[in-house]
Amino acid sequence: MSDSTYNSEASNEDFEFKALEHAYNYRLSLIREFSKYLKGSVIEIGSGIGQMTALFRELKDISFLQCTEPDQRFSSKLREKFPDQPIFEGIARDIYKKDWDAIVTINVLEHIEKDQEELRVYFDLLKEKRGSLCLFVPARPEIYAPLDKDFGHYRRYTKKNLTEKLAHAGFIVESIRYYNMVGYFAWWFSFCFLKQRSFNAKAVIFYDKVIFPIVYFVESRIAHPPFGQSLIVVAKAVSDK
């Protein structure tokens, strides 16, 4: 990426995009989780090549969607895919407009070395309208794998340390929970124990079509898991520190 605070070793974000490409039900579940908070003027931080952008563009309650992507390679692909989409080729702290209703950022914060400063930037963009931050990040440091490093991840989060960072930035956390407990074990086995350095497309497709819908139903309708592969968060910019 174009800023030194963003970690993109060997441009391996492409690995993540390829994995997400086959995970349609997974992407759709994030839309279901965040859609009620995505209204009015919304920023997508780290739009990549537009895999989530395509779904955000379908949400009728979003009156204006601003994509941001600091990597010129990815922003070029975004423009090819969505010629009419407003795209800011830069990072959050360079956005001059300060009255946003919501920010959504999926698998981005872990790429940023100074994540506490980044969260404060989000707060400043949202505080005028007391807007919502919809945040999705990798969880549990104990499953930080060689593949995480390949992806350019500085860290994986716990519920406690992410809650503290959000509070320090000025946010009040409305909801935070672990996500995809079965994925936690699959990640540990494949990438920590076996130390695989790439995704198996067939395995991703099978998991997304067969296993994940069951996991998501249980976690969203019956009981939230005590741990998981990721954390899903909604926080409000309602105080100033």
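Guide: Helices (H or I, at least four residues) and strands (E, at least two) are DSSP runs, numbered from the N terminus. By that rule the chain has nine helices and seven strands. This is a predicted model, in which local features need pLDDT of at least 70, side-chain atom pairs count only at pLDDT 80 or more, and totals for chains, interfaces and linings use all residues. Residues are numbered from 1 along each chain as its sequence is written, and side-chain values use heavy atoms, with hydrogens and water left out.

Visitor: What radius of gyration does the chain have?

Guide: The radius is taken over C-alpha atoms, and the globule rule is 2.2 Å times the number of residues to the power 0.38. For 241 residues a compact globule would come out near 18 Å, and the 17 Å of the chain agrees with that. Along the principal axes, the C-alpha atoms fill a box of roughly 45 × 40 × 35 Å.

Visitor: What percentage of the residues in the chain is buried?

Guide: Buried means under 20% relative accessible area, exposed over 50%, and partly exposed in between (1.4 Å probe, protein chains only). Of the 241 residues in the chain, 53% are buried. As for contacts (heavy atoms within 4.5 Å), take those between residues at least 6 apart in sequence: 75% of them join residues at least 24 apart.

Visitor: In what order do the strands of the open sheet stand?

Guide: Two strands pair if DSSP finds at least two bridges between them. Here seven strands form an open sheet in the order β3-β2-β1-β4-β5-β7-β6, with mixed pairing. The edges are β3 (87–88) and β6 (172–179); each has a single partner strand, so one side of each is left without a neighbour in the sheet.

Visitor: Which strands does β2 pair with, beginning with the parallel pairing over six bridges?

Guide: That one is with β1, and the two run parallel. Within it, I45 stands opposite T68 of β2. β2 also pairs with β3, in the parallel sense, over two bridges, and there T68 stands opposite F88 of β3. Strand β2 (residues 62–68) has five of its seven residues buried, so it is largely enclosed by the rest of the structure.

Visitor: Why is strand β4 largely enclosed by the rest of the structure?

Guide: Strand β4 covers residues 102–106, and five of the five are buried, so the rest of the structure largely encloses it.

Visitor: In which sense do β6 and strand β7 pair?

Guide: They pair in the antiparallel sense, over seven bridges, with strand β7 covering residues 230–236. For example, the bridge partner of I176 in β7 is V233.

Visitor: Is R177 buried or exposed?

Guide: R177 lies in strand β6 and counts as buried, at 14% relative accessibility. Leaving out residues up to four places away in sequence, R177 touches E33, K159, H224, S230, L231 and I232. From R177 to K129 the separation is 48 residues in sequence and 25 Å in space, C-alpha to C-alpha.

Visitor: And E128, buried or exposed?

Guide: E128 sits in the loop between α5 (115–126) and β5, and its relative accessible area of 57% makes it exposed. Not counting residues up to four places away in sequence, E128 touches K98 and D99. E69 is 59 residues from E128 along the chain, and their C-alpha atoms are 23 Å apart.

Visitor: What is the phi of R130, which is not a glycine?

Guide: Most residues other than glycine have a negative phi. R130 has a positive phi, about 50°. R130 lies in the loop between α5 and β5 and is partly exposed, at 48% relative accessibility. R140 also has a positive phi, near 70°. R140 belongs to the loop between β5 and α6 (146–151), and its relative accessible area of 21% makes it partly exposed.
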